[in-house]
Amino acid sequence: MSKERRRPRAMPDRGTTSLKFGALLALIAIAIAFPQVYSNPAVTNYGVFAMIYVTAATAWNIFSGNTGYISLGQAVFYGSGAYTMGIAARDWNITGDSVFLLLPLCGLVGAVIAVPFGLVALRVRRHTFIVITIAFFFIFQLMAFNFSFTGGSSGLQSPFLNWPTATYNIPFYYIALAFAAGAIAIAWLIRRSRFGLQLRAIRDDEDRARGLGVRAMRVKLSAFLISGTITAMIGAVWFYYINQVEPQSGFDPIFDLTLVLMAFLGGYGSISGPVLGALIIEPLTLWLNTQPAFSGYLSEILLGVIFLVVVMFLPRGIVPTSGELITKVRTRGRPAVIPATRIGPPAPATGPASASGPSSVSSGGGR
């Protein structure tokens, strides 16, 4: 009776693991040291916005990247978090550093909004879902324009923060960095969990996932709620940093499109992809806005062109494409997985060939 050789389990490459760990530590050290090395407010401003968008893009990817449902209504949570902080601070007379105690409340409001939003939008499939998220976005923008408690078209001003002008950006940078690190950690934990596996099963084939026992609605809604909570909290940080929120800035359609561009540029569905995309796109956008040649809507047009180029020529994004190229170079065209082989005597032949004599022996006995 023939025996099958078990395929050996691939052992982790200690060198590669050490290299990745060292690179991660280096990135953390650079992120922490950045405002200390470049203390110019004009430079640290780039860092604050980059960390804000790293958080928002990672939160978007937790839901959309894992499920395949492209959300164009993420600004609903971003603006709602900003307005929650502004309204609560105004009505409860909270000023100074105490305003940051409202961040959990802003996250709770984002979660509360995500439940009815998701229950309506997630009942449909991907293409219709995009349309519904756009509809929800415009509903919230119109409410911000017309309700009196939101300040109407004038918006809201943030409470005064008595921090030194020269170092005003640095605390905000570290707050945004903490949110970015937390969002990335949550995304990593989700990806390695059974919950993340269910999300990716929905992305690959939702009907089959349901047939295998995945409660698709519950799983999608949970990811949507996590994404909305994180986005609402970082939206509140953004509001306190820029000192005001208006309907057209809190609920900005460009914000949603920018998140999608960041995710697709870096690598849609990966953890590091949206981070890389945010670190490229947001500083570039801020720099373009300071250039007279790109005044008005020219910077947005350029971002649209970049998005088209990415979709046409780099559809998998920078991170997955680079990983494939590195793997191809390291393996030099050899198969990455060694095929299983059979040991022991060959299986007895059946059929007409067995009557005429012994079966021919293959070279090596492998199949």
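Analyst: First a word on angles, where under 35 degrees counts as roughly parallel, over 145 as roughly antiparallel, 65 to 115 as roughly perpendicular, and the rest as oblique. This is a predicted model, in which local features need pLDDT of at least 70 and side-chain atom pairs count only at pLDDT 80 or more, while totals for chains, interfaces and linings use all residues. Residues are numbered from 1 along each chain as its sequence is written, and side-chain values use heavy atoms, with hydrogens and water left out.

User: OK, at what angle do helix 3 and helix 4 pack?

Analyst: Helix 3 (residues 75-91) and helix 4 (residues 103-121) pack at about 135°, and their axes are 9 Å apart. Helices here are DSSP runs of H or I with at least four residues, numbered from the N terminus, and axes are lines fitted to C-alpha atoms over the stretch in contact, with angles from 0 to 180 degrees between N-to-C directions. Helix 3 and helix 4 are therefore oblique to each other.

User: And which residues of helix 3 and helix 4 meet?

Analyst: On the helix 3 side they are V76, F77, S80, G81, T84, M85 and A88, and on the helix 4 side L103, L105, C106, V109, G110, I113, A114 and F117, where contact means heavy atoms within 4.5 Å. By class, that contact has 11 nonpolar residues, four polar ones and no charged ones. Ala, Val, Leu, Ile, Met, Phe, Trp, Tyr, Cys and Pro count as nonpolar, Asp, Glu, Lys and Arg as charged, and the others, Gly among them, as polar.

User: Moving to helix 2, how does it lie against helix 12?

Analyst: The axes of helix 2 (residues 41-67) and helix 12 (residues 272-289) come within 8 Å and cross at roughly 140°, which makes helix 2 oblique to helix 12. Their crossing is right-handed, a term used when the near helix is turned clockwise from the far one by less than a right angle, with anticlockwise giving left-handed.

User: Is the crossing of helix 2 and helix 6 left-handed or right-handed?

Analyst: The crossing of helix 2 and helix 6 is left-handed. Helix 6 (residues 169-191) packs against helix 2 at an angle of about 20°, with the axes 9 Å apart, and the two are therefore roughly parallel to each other.

User: What lines the largest pocket?

Analyst: There are 38 lining residues, and L24, L27, I184, S272 and V275 lie nearest the centre. Helix 1 gives the most, with 13 residues, and the lining divides into 28 nonpolar, six polar and four charged.

User: And the second largest pocket, what lines that?

Analyst: The second largest pocket has 16 lining residues, with Y53, D252, I254, T285 and N289 nearest its centre, and a volume of about 440 Å³. Helix 12 gives the most to this lining, with four residues.

User: How many cavities of 30 Å³ or more does a search of the whole structure find?

Analyst: The search finds one, and about 50 Å³ of space lies in the largest cavity. Its lining consists of N61, I62, N66, A187, R191, G269, S270 and I271, to which helix 2 gives the most, with three residues. By class, those lining residues divide into three nonpolar, four polar and one charged.

Technical notes: 1 Å grid on protein atoms, 1.4 Å probe; cavity = no way out; pocket = protein on both sides within 12 Å on 5 of 7 lines; lining within 4 Å. Points joined across faces, edges and corners; volume = space filled by probe spheres on them.
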